[in-house]
Amino acid sequence: MPTISVQDTVGQLVAQRPARSRVFEGLGIDYCCGGKKTLAEVCERKGLDGLTVLGMLTALDASEAGSTPGAVHALAMTMGELADHIEQTHHAYLKRELPRLEAMVGKVAKVHGGRYGWMLDVQRVFGGFKEELEAHMMKEERILFPLVRAMEAGADAAQGHCESVVNPIRVMEMEHDHAGDALAEMRRLTDGFTPPTDACNTFLATLDGLKALEADMHQHVHKENSILFPRAVKAEAELRERIG
Ligand SMILES: [Fe+2]
Ligand SMILES: [Fe+2]
């Protein structure tokens, strides 16, 4: 394991060792959409001491917990394998969870929205989030990921696609930022997904589901923004150099 420094980006730090995301989640550090910032930059912005956080990461690396058996090592995958993994894990999760949570959020907003008006705002934010994310996944599955797989298959396959990966990637990153904003808004509205003391089981399960959705999205966007997309940009530049 190479030594780490406060000049490493938070995205790189998690890419090298996925368990480090737990330290960042605990401190409220955004390592997915904000993955391009260095540890020094995010700490300064949040009023944290960079060297202390670095010490927490190093301690985690040295501990048993830092090894996370069964964790997916996205860095060891080919781009095609990573695109497959993202579709089979994170996209499949969203396709299952978004309709289920939509129904639950709707039910809770209808029954408890009078007393807990913020649930009506959660319903509105969730509706927009779901719609945009469904369109976003479709673009990745139909345009960007096939382009990445073709590029990896070699120059011949990629020559059929005249479009550069840079443009769709820029759009995907913007959409990730937007999804991240919606999740942050839902976190704020629900006071960190905390249920009211008299919450019924559906209310509890809904907030729990939204919290799990946020955690899965952080992992998902991290794998795209910090691992798959930079590799695709680099691979395209190398390919263009080779084929002139
Ligand atoms: Fe995705
Ligand atoms: Fe995405």
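Q: In this predicted model, how are α5 and α9 oriented to each other, roughly parallel or roughly antiparallel?
A: The axes of helix α5 (residues 79-112) and α9 come within 9 Å and cross at roughly 150°. Angles over 145 degrees count as roughly antiparallel. Therefore α5, relative to α9, is roughly antiparallel.

Q: Which hand does the crossing of α5 and α9 have, and how many residues of their contact are nonpolar, polar and charged?
A: Where α5 passes α9, the crossing is left-handed. Sorted by class, the residues of this contact are 20 nonpolar, nine polar and five charged.

Q: How is α6 oriented to α9, roughly parallel or roughly antiparallel?
A: Helix α6 (residues 118-153) packs against α9 at an angle of about 30°, and the two axes lie 12 Å apart. Angles under 35 degrees count as roughly parallel. So the orientation of α6 to α9 is roughly parallel.

Q: Which residues of α9 meet α6, and what hand does the crossing have?
A: From α6, the residues in this contact include W118, F126, F129, L144 and M151. On the α9 side they are F203, L210, L213, M217, H220, E224, L228, F229, A232, A235, E236 and L239. The crossing of α6 and α9 is left-handed.

Q: How are α8 and α9 oriented, roughly parallel or roughly antiparallel?
A: The axes of these two helices, α8 and α9, come within 11 Å and cross at roughly 160°. The crossing in which α8 passes α9 is left-handed. With the cut-off for antiparallel set at over 145 degrees, α8 and α9 are therefore roughly antiparallel.

Q: Which residues of α8 meet α9, and how many residues of the contact are charged?
A: The α8 residues are V166, I169, M172, E173, H176, A179, L183, M186 and R187. Among their partners in α9 are E214, V221, N225 and V233. By class, the contact of α8 with α9 has 13 nonpolar and two polar residues, and the charged ones number five.

Q: Which helix gives the most to the lining of the largest pocket?
A: The largest pocket holds about 420 Å³ of space. Its lining has 18 residues, and those closest to its centre are D30, G180, A184, E214 and H218. At least two lining residues come from each of α8 (166-189) and α9 (201-243). With seven residues, the helix that gives the most is α8.

Q: How many residues of the lining of the largest pocket are charged?
A: The lining of the largest pocket includes eight nonpolar residues and four polar ones. The number of charged residues there is six.

Key:
Residues numbered from 1 in each chain as written. Chains lettered and ligands numbered in written order. Predicted model: local features only at pLDDT ≥ 70, side-chain atom pairs only at ≥ 80, totals over all residues. Heavy atoms only, no water. 1 Å grid on protein atoms, 1.4 Å probe; cavity = no way out; pocket = protein on both sides within 12 Å on 5 of 7 lines; lining within 4 Å. Points joined across faces, edges and corners; volume = space filled by probe spheres on them. Helix = DSSP H or I, 4+ residues; strand = E, 2+ residues; numbered from the N terminus. Nonpolar A, V, L, I, M, F, W, Y, C, P; charged D, E, K, R; others polar. Axes fitted to C-alpha atoms, helices over the stretch in contact; angles between N-to-C directions. Parallel < 35°, antiparallel > 145°, perpendicular 65-115°, else oblique. Left-handed = near helix turned anticlockwise from the far one by under 90°. Contact = heavy atoms within 4.5 Å.
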